[in-house]
Amino acid sequence: MTELQCPSCAEPVAPADRFCEGCGTDLLVHRTPVGGPAGPIAAPDRECVACGATEIGADGFCERCGRGQPTGRDRMEYDLGVVAGVGDRGRHRSRNEDSMAFARIGPEDDPRAVVAVVCDGVASTERADQASQAAADAAIDVLASAALEDEADLGAATRAAVDAAVAQVSELTSREPPGSSPSCTFVSAAVTPRGVTVGWVGDSRAYWLSSRAPSRRLTLDDTVAAQLVAAGMDADEASRVFHAHALSSWIGADAGDVSPHVVSFQPDGPGAVLLCSDGLWNYLPEADDLAAKLPAGGVRPLTAAAELTGTALELGGHDNITVVVISYPLRSPR
Amino acid sequence: MSTVPEFRVEVYQNEYLPAGAREVNAIVTVTATGGGTEGSASAAPAAAVVIIVDTSGSMHVPPTKLSSAKAATNAAIDTLREGVRFAVVSGTETARLVYPRPGGMVQANARTRAEAKEAVGTLRAHGGTAIGQWLRLADNLLANHPDALRHAILLTDGQNMHETPRQLARVLRDVTGHFVCDCRGVGTDWQVAELRQIADTLLGTVDIIPEPAGLEADFRAMAERAMGKAVADVALRLWTPQGATVKFVKQVEPALADLTHRRTESAPRSGDYPTGSWGAESRDYHVCIEVNPANVGDRMLAGRVSMVVPGAEQVLGKGQILAVWTEDEALSTKINPAVAHYTGQAELASAIQEGLEARKAGDVERATAKLGRAVALATESGHEDTAKLLARVVDIEDPVTGTVRLRRAVDTVDEMTLDTRSTVTKRVGRKAES
């Protein structure tokens, strides 16, 4: 029998170990780095974001068109196999205030669970990028810890994750000058073989996308317009209401008590769970349209997230775009 | 073997542009330090200098002109470093090699210096002026020393009467890049535009020596500067992205010189602009590039400046010109003080030149407007020397608004001095940098 070893330091480890005795690496929970995955995934033949040339200078500028290649939060990419995410500053905002965090529990070929969070920093507030990343990082810790338990109540964990996010953002606010109150939205998914649990605050969304069964939106925006529509008003009429698209609920020190909406369901076939900020769904609000944009066949989450982000950019990229895709069932596509 | 100086390239600009803006402006400061000039004499680079003295008939009037020119030439010969190759050319409607007699160039030592000065002493003034011929002979002499720093010093007192402007232009085209030529006009019978054309093309300086008595000190200083050069044929290489247009590349300090049309393509999307010989010194360039605008928040490398010795393909220093598009007007509306300063200098120079031209043509209204503008610009930017020179050509009623009246009688020396020195710039105060 081959001996298991730590992927990071090659120290021998036992199958039940959560941490490597040698270097302390978490052997069970694989997650995005705290602070967010900065920059695109390194690739030797990466193309220029503006002109597609493959000559990128050592100083980070395209040798053909001169465009500075995205660094740091401008473009965020991370791939954990069954779950992957792409964030992009878009074409009109000077900062990326969206954040994501996700984790895979268990080995890549046989994960026990995947948890993911997307937070969209509210652009009118100071340091919204830090707020959204702090919220996502705090929340993913809570969700990942809960998902380690086989019989965990993931609905309760989602509420606890939102509490942790609120605490984190409030902590950030206490160090700010009075009057500036960073805040953000929240959407999460916890996916296990037993089903999918989605929670949200604000207008970031979750969708169930499938090529066989009908695709559908899983969330209802916390906006005045969305609530009026839910109450029976005509969509056009609702969108003309004063402050129709203002958030009615958000995460931040000035938000008061926040209780997220939580829904759970058992997919009836293979598909994907999509979490995204409004930078994507403003262009593609309908679940079927989103599903149609997915690459055909065995959807690789990183490819799907990159394709959807690219579509939003092509359609104008007016806002920050963040897309996280989790394949269901939890199998890494070949 | 001489050591090449170290070049430092610094870029001063406001990289923030409003959405949709295309024009990127930057001041590039290039500073050369070290190299052969600061080492021992053995480390000094090989140099070759041709001194060209106008001996046309007019050099007799006044008689002190020729004797002063001889004294100045002797001073320059004395300043030549031991071992430097040199020759003396006398210029009339033809060019004649005064020293060394057998032809070619000789190395400076006690004996050759004495012989050269003796030969200079025998010069007589007669004949006409054909500057192209003089430059052609200098070029032939210097061509035998391709590895040396090649330099010519040209003194004239008159117009280029005995050849056509086309003939001179053809010579200039042929010898461009072969050597650097500093030009001096003595008296007031020479043409500012003519000497400026020669100096600009051959990457040298131009100045007026109103009184023959001033020649000696000036020649010594010129020869000293020539001896201070450590590397020749340095080019400013500018890379720009695909789709970008270089609107201009100008030297703006120590004097204005437009290099835009001197570009030679050197690599994909790169062009080289000649800057001549360098010693331990610092120069400023104003680079203006038009790019295809990107989106708000995007960064672009609008230009990459490096200093190169083209033959050696040796990159001596590098700097980046950036563009970042923003909707923050507080950022995009800020004008970099260095860019503003040199934009003002260029405007000042052209106001003076256009004003003097209009004055000559009898267009009082235009001359008054242009020279008034020049007075206001010189006052605003603290160009005291220029303001003083302007005050000799116009009566200044209000220096701030530039309200002036043309003077009826203007000394030709004052007019020519103002014209010649209009391109001499003043370094921007770096303290103004944020």
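## A walk through chains A and B

Let's start with chain A, which splits into domain 1 (1–28) and domain 2 (32–38 + 61–328), with bounds that come from an automatic or database domain assignment. The centres of domain 1 of chain A and domain 2 of chain A, taken over C-alpha atoms, are 32 Å apart.

Keep in mind that this is a predicted model, in which local features need pLDDT of at least 70 and side-chain atom pairs count only at pLDDT 80 or more, while totals for chains, interfaces and linings use all residues. Residues are numbered from 1 along each chain as its sequence is written, and chains are lettered from A and ligands numbered from 1 in the order in which they are written.

Chain B has three pieces to look at: domain 1 (6–37 + 231–332), domain 2 (46–227) and domain 3 (338–423). Between domain 1 of chain B and domain 3 of chain B, the C-alpha centres are separated by 30 Å. Eleven residues of domain 1 of chain B touch seven residues of domain 3 of chain B, where contact means that the C-beta atoms, placed from the backbone, lie within 7 Å. On the domain 1 side of that contact, β3 (23–33), β12 (245–253) and β16 (281–290) of chain B each supply at least two residues, and β3(B) gives the largest share, three residues. That side is made up of six nonpolar, three polar and two charged residues (Ala, Val, Leu, Ile, Met, Phe, Trp, Tyr, Cys and Pro count as nonpolar, Asp, Glu, Lys and Arg as charged, and the others, Gly among them, as polar).

Now for a sheet in chain B. Six strands form an open sheet in the order β2-β18-β17-β11-β15-β14, with mixed pairing. Strands here are DSSP runs of E, at least two residues, and helices are runs of H or I, at least four residues, numbered from the N terminus; two strands pair if DSSP finds at least two bridges between them. At the edges sit β2 (16–18) and β14 (264–267) of chain B, each pairing on one side only. Within the sheet, β11 (residues 231–239) and β17 (residues 299–309) of chain B are antiparallel partners over five bridges, and Trp239(B) faces Arg304(B) in β17(B).

β17(B) turns up again where the two chains meet. That contact involves 14 residues from chain B and twelve residues from chain A, and β17(B) provides the largest share of the chain B side, four residues. By class, the chain B side has six nonpolar, five polar and three charged residues.

Next, follow strand β4 (residues 47–54) of chain B: eight of its eight residues are buried, so the strand is largely enclosed by the rest of the structure. (Buried means that 20 or more other C-beta atoms lie within 10 Å of a residue's own, with C-beta atoms placed from the backbone.) Ala47(B), Val49(B), Ile51(B) and Val53(B) point one way from β4(B), while Ala48(B), Val50(B), Ile52(B) and Asp54(B) point the other way. β4(B) runs parallel to β8 (residues 149–156) of chain B, joined by seven bridges, with His151(B) as the bridge partner of Val49(B). Seven bridges also link β4(B) to β5 (residues 85–91) of chain B, again in parallel, and there Ile51(B) stands opposite Val88(B).

Ile52(B) leads on to the largest nonpolar core, of 135 residues, in which Ile52(B), Val89(B) and Ala138(B) touch the most other members. Such a core is a set of buried Ala, Val, Leu, Ile, Met, Phe, Trp, Tyr and Cys residues joined through C-beta atoms within 7 Å. Helix α8 (residues 337–360) of chain B gives the most to this core, eight residues. A separate core has 85 residues, including Ala128(A) and Leu290(A).

Technical notes: A residue is buried if 20 or more other C-beta atoms lie within 10 Å of its own, exposed if 12 or fewer, and partly exposed in between; C-beta atoms are placed from the backbone.
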